[in-house]
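Subject: Structure handover

Hello,

Here is the structure I promised you. Please open it next to this email and follow along.

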Amino acid sequence: MCWDFEDILYRRMKVHHDYQPAITKKSMRMISELSEIDIKMYQHFNTTFWEKVKNYNGDFQADLKKFRSLLDDVSKTCQDGSESPYCELMHADANKLSIRSLKMNEKWIC
């Protein structure tokens with residue numbers, strides 16, 4: 001892809017790890033049946049993703065480590081109340097984001 005790390009930064013919000021309900025086998029079967037198309041799409045794109053990782057032109061693990069470090073730095077900065085453009089985008093309601101605000105970096109699309 002033709003994106004820089006800054007183009008794909010994100011911030012986790014409202015993530016809760018303290019509660020995971022138990023799912024019965026019957027419920028899992030029903031979910032699988034109702035989500036068959038979603039599951040097939042996930043499997044397709046997951047396979048495609050790992051093929052791209054395998055054929056990545058560079059050191060994927062080193063680049064991933066660098067991206068995670070940048071993501072951690074930006075997340076910490078935004079938690080401290082910074083008014084940087086990245087923080088503004090990360091705090092914005094997804095419904096309010098516009099193409100104009102995403103075009104801050106004119107390289108956002110190839």
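A nonpolar core is a set of buried Ala, Val, Leu, Ile, Met, Phe, Trp, Tyr and Cys residues joined through side-chain atoms within 4.5 Å. Keep in mind that this is a predicted model.

Start with the core. Six residues make up the largest nonpolar core: Leu9, Phe67, Leu71, Val74, Cys78 and Cys87. Which helix gives the most to this core? Helix H3 does, with four residues. Helix H3 covers residues 60-79.

Now look at leucine 71, one of the core residues. Set aside its neighbours within four places in sequence. Leucine 71 is then in contact with Leu9 and Tyr10.

Next, the rings. How many aromatic pairs does the structure hold? It holds three. Among them is the pair of phenylalanine 49 and tryptophan 50. Their rings are 4.9 Å apart, centre to centre, with 75 degrees between the planes. That pair is edge-to-face.

Another pair joins tyrosine 56 and phenylalanine 60. Their ring centres are 5.6 Å apart. Why is this pair edge-to-face? Because the planes are at 80 degrees, and over 60 counts as edge-to-face.

Last, accessibility. Phenylalanine 49 has 39% relative accessibility, so it counts as partly exposed. Tryptophan 50, at 48%, is partly exposed. Tyrosine 56 is at 35% and counts as partly exposed. Phenylalanine 60 has a relative accessible area of 21%. Buried means under 20%, so phenylalanine 60 is partly exposed.

Best wishes

How values were computed. Residues are numbered from 1 along each chain as its sequence is written. This is a predicted model: local features need pLDDT of at least 70, side-chain atom pairs count only at pLDDT 80 or more; totals for chains, interfaces and linings use all residues. Side-chain values use heavy atoms; hydrogens and water are left out. Rings of Phe, Tyr and Trp (its six-membered ring) pair if their centres lie within 6.5 Å; planes under 30 degrees apart count as stacked, over 60 as edge-to-face and the rest as tilted. Buried means under 20% relative accessible area, exposed over 50%, partly exposed in between (1.4 Å probe, protein chains only). Helices (H or I, at least four residues) and strands (E, at least two) are DSSP runs, numbered from the N terminus. Contact means heavy atoms within 4.5 Å.
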